[in-house]
Amino acid sequence: MPDSQGDIDREIADIATAAAKAVAGGEPEPEHVSRDYPPYRSSVLRHPRLPLILTEEADTELRGPVFGVTDVTELDRDLTRHHPGEPLGERITVSGRVLDRSGRPVRGQLVEVWQANASGRYAHDRDQHPAPLDPNFTGTGRCLTDDEGRYHFTTIKPGAYPWRNHVNAWRPAHIHFSVFGTAFAQRLVTQMYFPNDPLFRYDPIFNSVPSESARQRMIAAYDHDLSSPEWSLGYRWDIVLDGPSATWMEEGR
């Protein structure tokens, strides 16, 4: 029988309490997400247990961008224009800057996004969630950062969706982000969330990030100036690649 939500809530609370006591006792705040965070059940089963193995460059290059190596076009950044018809859902714009630890813009970086549709379903064969697919929304996009490190996407606000971590488990609405460095092997992946989502407290993936301040840095801010009249709502979210204010990235999940 899968765990109840109450069991997951207690585990998350116990881990958070233990972490707070450790920091209060003088221990440093954890620098990385635990790869075997117990409430996130599948991480316990598939996290690395042995030292990393150095692979040939060709093997790592196979994990390149979703789109391959074709030229990036303006159409790629607008996920609502990839099909002849209009996608269903709330149109949003998401914009921000990719920055280094000193707050300097990171120029010419390939940023990719992928997400569920407004009903909370991915256009992927493995997603069998009984929510409708949208024939006019695939949910993937990309762009290059400009000279100020800015990226910009137009898309549909994704819906929450169930996952089988435990009974009544639902993921908060989120968009996956991938940022590449100077080579495809230099890849960082994270998730952007939306403000005031009631599912935050119930989600083991979100709560596996040990620091409250770091979790807050994963949440976009609504920006009315970025909203377009009669067109879309705007959200602003910066990605900081390293340093004490870094955006938390997925590691070996």
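Two strands are taken to pair if DSSP finds at least two bridges between them; strands themselves (E, at least two residues) and helices (H or I, at least four residues) are DSSP runs, numbered from the N terminus. The structure is a predicted model, in which local features need pLDDT of at least 70 and side-chain atom pairs count only at pLDDT 80 or more, while totals for chains, interfaces and linings use all residues. Residues are numbered from 1 along each chain as its sequence is written, and side-chain values use heavy atoms, with hydrogens and water left out.

By these criteria, strand E1 (residues 91-99) pairs with strand E10 (residues 233-236) in the parallel sense, over 4 bridges, and within this pairing Val-94 stands opposite Tyr-235 of E10. Strand E10 is also joined by 2 bridges to strand E9 (residues 221-222), the two running antiparallel, and here it is Tyr-222 that stands opposite Tyr-235. In general, the strands of a sheet pair through backbone hydrogen bonds, either parallel or antiparallel.

An open sheet of 4 strands, with antiparallel pairing, has the order E3-E2-E7-E8. Its edge strands, each of which pairs on one side only, are E3 (140-144) and E8 (187-193). From one strand to the next the twist averages 20°, where axes are lines fitted to C-alpha atoms (for helices, over the stretch in contact) and angles run from 0 to 180 degrees between N-to-C directions. Strand E7 (residues 174-180) runs antiparallel to E8 and is joined to E8 by 7 bridges, with His-176 opposite Gln-191 of E8.

The loop between E1 and strand E2 (110-114) contains Gln-109. This residue is buried, with a relative accessible area of 10%, where buried means under 20%, exposed over 50% and partly exposed in between (1.4 Å probe, protein chains only). When neighbours within four places in sequence are left aside, Gln-109 is in contact (heavy atoms within 4.5 Å) with Cys-143, Leu-144, Thr-145, Val-179, Phe-180 and Gly-181.

Ala-16, a residue of helix H1 (residues 5-24), is partly exposed, with a relative accessible area of 44%. Although Ala-16 and Val-209 are 193 residues apart in sequence, they are 9.9 Å apart in space, C-alpha to C-alpha.

An unreviewed UniProt entry carries the annotation "domain: Intradiol ring-cleavage dioxygenases" for residues 94-122; UniProt positions are given in the numbering used here, feature names are shortened, and annotations may be inferred rather than shown by experiment. The span of residues 94-122 is 0% helix and 38% strand, and its end C-alpha atoms lie 19 Å apart.
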